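Me: Got a structure to go through with you. Can we take it piece by piece?

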Amino acid sequence: MAAVDLRNRLAAATGTALPSTVVLTRPTPAALADHLLELLDSAPDSDGQEDTAPTDGVPDDLVTRLHRDAVRAGRLDEAGTLLRGLAALRPRSAEPVPPVVDRLTAGGTGTRLVCVAPVVPLTGPHTYFTLAGSLPDDWSISCLTPPGFGPDEPLPATREALVAGLAGAVASGADGAPGAPGAPGTDGTADGAPVVLLGTSSGGILAHETARYLAAHGTPVRAVVLLDTYGLDTPAAASLRPHLWHALYERERQAGGYTAAHLSAYAWTVDLLHTWTPGPVPFPTLLLRASDPLPAPPGADPAPERWRTELPCVTTTLTTPGDHFTLTNEHAAATAGLIRDWLAGTGIGPVMPGADGSGR
């Protein structure tokens, strides 16, 4: 966490987006300083012209460049066809594929929170660094990154293989939380620590499906938190697709650049999850919706009037400050407060509304 804190301070001081591993991959202060100077030298000119140079540290391969250019030209259907064709050629596994597991906090005897990273090119534990730092110090927080986004990882052949791999990591205690069980108690706890699953965007779909799988196999979770999660085949999600891709490419440097593996894994996994909609489940579910829409890219229509997500079978829906991305970063403290209060409410009585007074 010290490396993440230093990275955040350097990013704020230089005004430059830095990959989450920037400190860990530079072995000395001098190497880190040289890297920062190179980034600053290659920053856009003060006239505001966009920097179209290859992303630092990652070759600007043909697939990424073609997809980026197609997105910026508004050719999203053709961009999607490119990625689906590439994904169809990748190795696949019909067996459960384990996720990459990262601990975000040391934690203690408090809540065991397992976050699931979204299935976008910008995936990974950095998605939740700021949010984890805004939650109580005694919480044990980890992140599961879905498989297929690494260059040598197979894609899960089915949704069932994907979800079973995630559920296996939770049930086995692969996140390493203190007291994390091989078999949690029937109340969804490990050594008294409530087990909660959380996901932002498409990570919420996987968090919900993983919790449902665990409950069906005798390992209930305490609750599920969905952060601005949409059903992928809804009109709202379809209308916001250009806005999402514009925002993802605006943040490309945060991931150290996108690769063909990132992009094809996104296309494949989205197709696996495309028909998802939440059904009745034996655990409470919180949906936190963003207060602001994503900015529209040049030439695209603004967000429609009913752009906010609406999901069935959700216990509580609240609105939190920020947009689809900033609710876990710039506005992480407000998001964390709503999560903390809601979880407290599910344990002691009626759900507590957020600071804005919104409720179900």
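Me: Which residues form the aromatic cluster with W245?
Reply: W245, Y249, Y258 and Y266 make up one aromatic cluster. This is a predicted model, where local features need pLDDT of at least 70, side-chain atom pairs count only at pLDDT 80 or more, and totals for chains, interfaces and linings use all residues. Residues are numbered from 1 along each chain as its sequence is written, and side-chain values use heavy atoms, with hydrogens and water left out.

Me: How many aromatic pairs does a search of the whole structure find?
Reply: Three. Rings of Phe, Tyr and Trp (its six-membered ring) pair if their centres lie within 6.5 Å; planes under 30 degrees apart count as stacked, over 60 as edge-to-face and the rest as tilted.

Me: What geometry do W245 and Y266 have?
Reply: Edge-to-face. The centres are 5.0 Å apart, with 85 degrees between the planes. The pair links distant parts of the chain: W245 is in helix α9 (residues 241–250) and Y266 in helix α10 (residues 260–273), 21 residues apart. Helices (H or I, at least four residues) and strands (E, at least two) are DSSP runs, numbered from the N terminus.

Me: Is W245 buried or exposed? And Y266, buried or exposed?
Reply: W245 is buried, at 3% relative accessible area. Y266 is buried too, at 13%. Buried means under 20% relative accessible area, exposed over 50%, partly exposed in between (1.4 Å probe, protein chains only).

Me: What lies over the face of F325?
Reply: R251, at 4.3 Å from the ring centre. The test for a charge over a ring is NZ of Lys or CZ of Arg within 6 Å of the ring centre and within 35 degrees of the ring normal.

Me: New topic. How many residues of strand β4 (residues 140–145) are buried?
Reply: Six of the six, so β4 is largely enclosed by the rest of the structure. S140, S142 and L144 point one way, while I141, C143 and T145 point the other way.

Me: Which strands pair with β4?
Reply: Strand β2 (residues 100–103) pairs with β4 in the antiparallel sense over four bridges. There V101 stands opposite L144. Strand β3 (residues 112–116) pairs with β4 in the parallel sense over five bridges, and V114 faces S142. Pairing takes at least two DSSP bridges between the strands.

Me: Where does the chain cross from β3 to β4?
Reply: Through helix α5 (residues 129–134), as a right-handed β-α-β crossover. Right-handed means that, with the strands pointing away from the viewer, the path from the first strand over the helix to the second runs clockwise.

Me: On to helix α7 (residues 202–216). What span should its 15 residues have?
Reply: They should span 21 Å, and the end C-alpha atoms are 21 Å apart, which agrees. The expected span is 1.5 Å times one less than the number of residues.

Me: Is α7 mostly covered or mostly open?
Reply: Mostly covered: eleven of its 15 residues are buried. Among them are I205, L206, H208 and L214. Just after α7, G218 has a positive phi of about 85 degrees.

Me: What is E209 in contact with, leaving aside neighbours within four places in sequence?
Reply: R159, V163 and W276. Contact means heavy atoms within 4.5 Å. E209 is in α7 and counts as buried at 7% relative accessibility.

Me: Last one. Where is T335?
Reply: In helix α11 (residues 332–348). T335 is buried at 0% relative accessibility. Leaving aside neighbours within four places in sequence, T335 is in contact with L131, L227, L288, T320 and L327.
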